[in-house]
Amino acid sequence: MSAINCKVSVLAQETVAPDIRRLTVSWEDQRPEFMPHAGQFYMLRCWAADEAPVLSRPISVHDASTEHDTITFLYQVKGQGTEKLAALKSGDTLSLTGPCGNGFDVAAAAKSGTGRVAVVGGGIGTAPLLLLCKELAAAGAKPELYVGFRDEPYGLEEFLPYCAAVSVATDSGAVGYHGLVTGILHPENFDLVLACGPNVMMKGVYKLCAEHNTPCIVSLERKMACGLGACLGCTCMTKVGPRTVCKDGPVFAAEEVFDLD
């Protein structure tokens, strides 16, 4: 997948939850090789090369619209880089490098079995799942969304047009099932499970899938420097040896990156 570096304009910056922002930018380069797909990400930077922090920030694509020439990012404000991103206003500019990573194989997922696919997310791990559900629905699959949050969920209304069902679990019991998202997931009812969220959540999802012989695909998160596989800073160990999360991933078959013990 080709990647480019370019300047884009901020169209909107919205507060979704106290520490969650939705950033929409212009994207007029409609060449197919540069259009993002579900699970890919961009390296974002709105500060000078000699300013802190040193590294750009990898942010997954939440949504992309060829109709409106936009890309949307959903991210958590939790450090110096994302604080600077959160300060952007309509009309400001920032740099994007991408799209990076391999993304989800939506075509293969839609053709699996009966097309019943479970999409599982945890917290800000739901960010790349909106575009995933949109692409799955467009490919003829029947995605069902299972999401876990600590307390109040956010952004779920966006998924409703594309999902056959949306199920929620919260640690606090504020909304939906009181407990972990694995408490409401039944992999035996699906041909495939796709997940993104904290590693402990994804490992739990994988174990549950393994019990029912349901294939499981996961999207990993790592701190990244280049986003292009050059610096090896995001290397993770897999069953076939070390792989870079930014270039070889972030999407992997769960059995490649997680053990069952």
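Which ring does the charged end of Arg 116 sit over? Some notes on that and on the aromatic pairs and strands around it.

1. The ring is that of Phe 190: the charged end of Arg 116 lies 4.9 Å from its centre. A charge counts as over a ring when NZ of Lys or CZ of Arg is within 6 Å of the ring centre and within 35 degrees of the ring normal.

2. Before going on, bear in mind that this is a predicted model, where local features need pLDDT of at least 70, side-chain atom pairs count only at pLDDT 80 or more, and totals for chains, interfaces and linings use all residues. Residues are numbered from 1 along each chain as its sequence is written, and side-chain values use heavy atoms, with hydrogens and water left out.

3. On to ring pairs. Rings of Phe, Tyr and Trp (its six-membered ring) pair if their centres lie within 6.5 Å; planes under 30 degrees apart are stacked, over 60 edge-to-face, and the rest tilted. By that rule there are four aromatic pairs. One of them is Tyr 42 with Phe 73, edge-to-face at 5.9 Å centre to centre with 85° between the planes. Tyr 42 belongs to strand E3 (residues 41-45) and Phe 73 to strand E5 (residues 70-76), so the pair ties together parts 31 residues apart in sequence. Strands (E, at least two residues) are DSSP runs, numbered from the N terminus.

4. How buried are these two? Tyr 42 has a relative accessible area of 0%, and Phe 73 also comes out at 0%. Buried here means under 20% relative accessible area, with exposed over 50% and partly exposed in between (1.4 Å probe, protein chains only).

5. Tyr 146 is buried at 8%, and so is Phe 190 at 7%.

6. Strand E2 (residues 20-26) is worth a look too: seven of its seven residues are buried. Ile 20, Arg 22, Thr 24 and Ser 26 make up one covered side, and Arg 21, Leu 23 and Val 25 the other.

7. E2 has two antiparallel partners to check, where pairing takes at least two DSSP bridges. With E1 (residues 4-17) there are six bridges, Glu 14 stands opposite Arg 22, and a hairpin of two residues joins the strands. With E5 there are seven bridges, and Ser 26 stands opposite Thr 70.

Methods: Helix = DSSP H or I, 4+ residues; strand = E, 2+ residues; numbered from the N terminus.
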